[in-house]
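This report goes through one protein model by region, beginning with a pair of strands and ending with the chain as a whole. Please keep the sequence and the structure in view while reading.

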Amino acid sequence: MQKRAAEFGFRFEKLSYDWPKIISRSRSVADKLAGGVEFLFKKNKIDYLRGEATIPAAGKVTYKDRNAKEETAEGDHILLATGAASREMPGLPINGKTVVNSHDAMIIDPQPKRLIVIGAGAIGVEFAYFFNAFGTEVTLVEMLPNVLPVEDTEISVALEKSLSKQGIKIFTNTKVGAAKIEKGQVRMSIEGKQAQELEGDCALIAIGVSPVIPAGVPITLDKKGFISVDDRYQTNVPGIFAAGDVIGPPWLAHVAMWEAIQTVEGIFTTGFRPQRLKEFPGCTYCQPQVASIGLTERAAKEQGLQFKLGKFPFSANGKALAAGEPEGFIKLLVGEPHGEILGAHIVGAEATELIAELGLAMKLEATYEEIEATIHAHPTLSETVHEAAGAAFGEAIHI
């Protein structure tokens, strides 16, 4: 705020923040949401049993309650939604202090002065942005060529430039070598364009997740260790189903909820045919935000698809300029000859909100003409969607 205050005509002197308060508020919001789920259980007369569980056989779940007393719950169907946990990095075990995972990073206190983030997927980028915004010296290390490697390359490159401009040191195409904890500091060698030594108060390991597989009846896993399921989300054991992170990527809360609903509807609703995941919105909550759905440009080319690109910069949008957020652009892949949206990619202000319109457009198989023919209010950021649709065929008004 203080860095850009003068741009908006504000002056701040001795602006400060309370780090423990920031962390405690974050956790109180999360706890409130969790409490809301427990309320919904009670409201809908769902028994909520807490404990460490195993599945000795189909139809049975054995668990230990708070008093370590073993109990058994029975049912015709069991849905596994045990999720996934942060992957450990060989040679640099997580200790919750100098080497942390994403859970630890949300409650870390005091604030580290120097942070090394290993892995530049969504989690790594989000934490790198957050800590950098509060003044921590952040170094981000990624083995692949770009940050957010699953995103469209053009989007990743734009974000990398922005994060670098904000002061984050970024090393891509870089591997971590030997690492150790010495005198309360993390020291490691990295190997990229050139070998270097890094040092920090703390290292955040963000190199992916591993599934949490319940013990008991043998359930078939795929090559990466995630639970294998059929088109109805059923495992190899009849009556045992699985959904969410435990069945593999993408590891997103909204995807997990959608899969769980598909599973339950398939079990209890006559004639309902569950769907497996196809298009889904992926969001990264840094600034500028990143959001996408559908095919990247490289994926469309690999599949040999015919398409046109529609791009529109936030710098030509009135709302973005007024808000002081001209950075970024929207990019649409429009299929030929029918004009359907094959993919949508956004880097910029409120990208994670804007992507919903394009998800709906793809779900309804809307064409670029139908998006362009829809009146978008002015001034709004959503006008960028309208303009990008027109830009694919040279019909945008404001560029």
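## Strands 19 and 20

Strand 19 (residues 328-335) and strand 20 (residues 341-348) are joined by seven bridges and run in the antiparallel sense. Across this pairing, Val-334 stands opposite Ile-341 of strand 20. Strands are DSSP runs of E with at least two residues, helices are runs of H or I with at least four residues, and both are numbered from the N terminus. Two strands count as paired if DSSP finds at least two bridges between them.

The model is predicted: local features need pLDDT of at least 70, side-chain atom pairs count only at pLDDT 80 or more, and totals for chains, interfaces and linings use all residues. Residues are numbered from 1 along each chain as its sequence is written, and side-chain values use heavy atoms, with hydrogens and water left out.

Strands of a sheet pair through backbone hydrogen bonds, either parallel or antiparallel.

The expected span is 1.5 Å times one less than the number of residues. Buried residues in helix 8 are Ala-351, Thr-352, Leu-354, Ile-355, Leu-358, Gly-359, Ala-361 and Met-362. Buried means under 20% relative accessible area, exposed over 50%, and partly exposed in between, with a 1.4 Å probe and protein chains only. The cover over the buried residues of helix 8 includes strand 16, strand 17, strand 19, strand 20, helix 9 (368-372) and helix 10. Glu-365, which follows helix 8, has a positive phi near 60°.

Strand 10 (residues 175-182) and strand 11 run antiparallel and are joined by six bridges. Ile-181 has Val-186 of strand 11 as its bridge partner. The two strands form a hairpin with two residues between them, and Lys-183 in the turn has a positive phi of about 55°.

Strand 11 is also joined to strand 12 (residues 195-200) by six bridges, again antiparallel. A hairpin of three residues connects strand 11 to strand 12, and Ser-189 is the bridge partner of Glu-197 in strand 12. Strand 11 (residues 185-191) is mostly covered, with five of its seven residues buried.

Helix 3 (residues 122-133) has 12 residues and reaches 16 Å from its first C-alpha to its last, close to the expected 16 Å. Its buried residues are Gly-124, Val-125, Phe-127, Ala-128, Phe-131 and Asn-132. Gly-135 follows helix 3 and has a positive phi, near 100°.

Gln-262 is located in helix 5 (residues 253-268). Its relative accessible area is 8%, so Gln-262 is buried. With neighbours within four places in sequence left aside, Gln-262 is in contact (heavy atoms within 4.5 Å) with Tyr-233, Phe-272, Arg-273, Pro-274 and Gln-275. Ile-397, in the segment after helix 10, counts as exposed because its relative accessibility is 63%. The C-alpha atoms of Ile-397 and Ile-207 are separated by 43 Å, and the two residues are 190 residues apart along the chain.

## The whole chain

The protein has 10 helices and 20 strands. Its C-alpha atoms fill a box of roughly 65 × 60 × 45 Å along the principal axes. Of its 399 residues, 41% count as buried.
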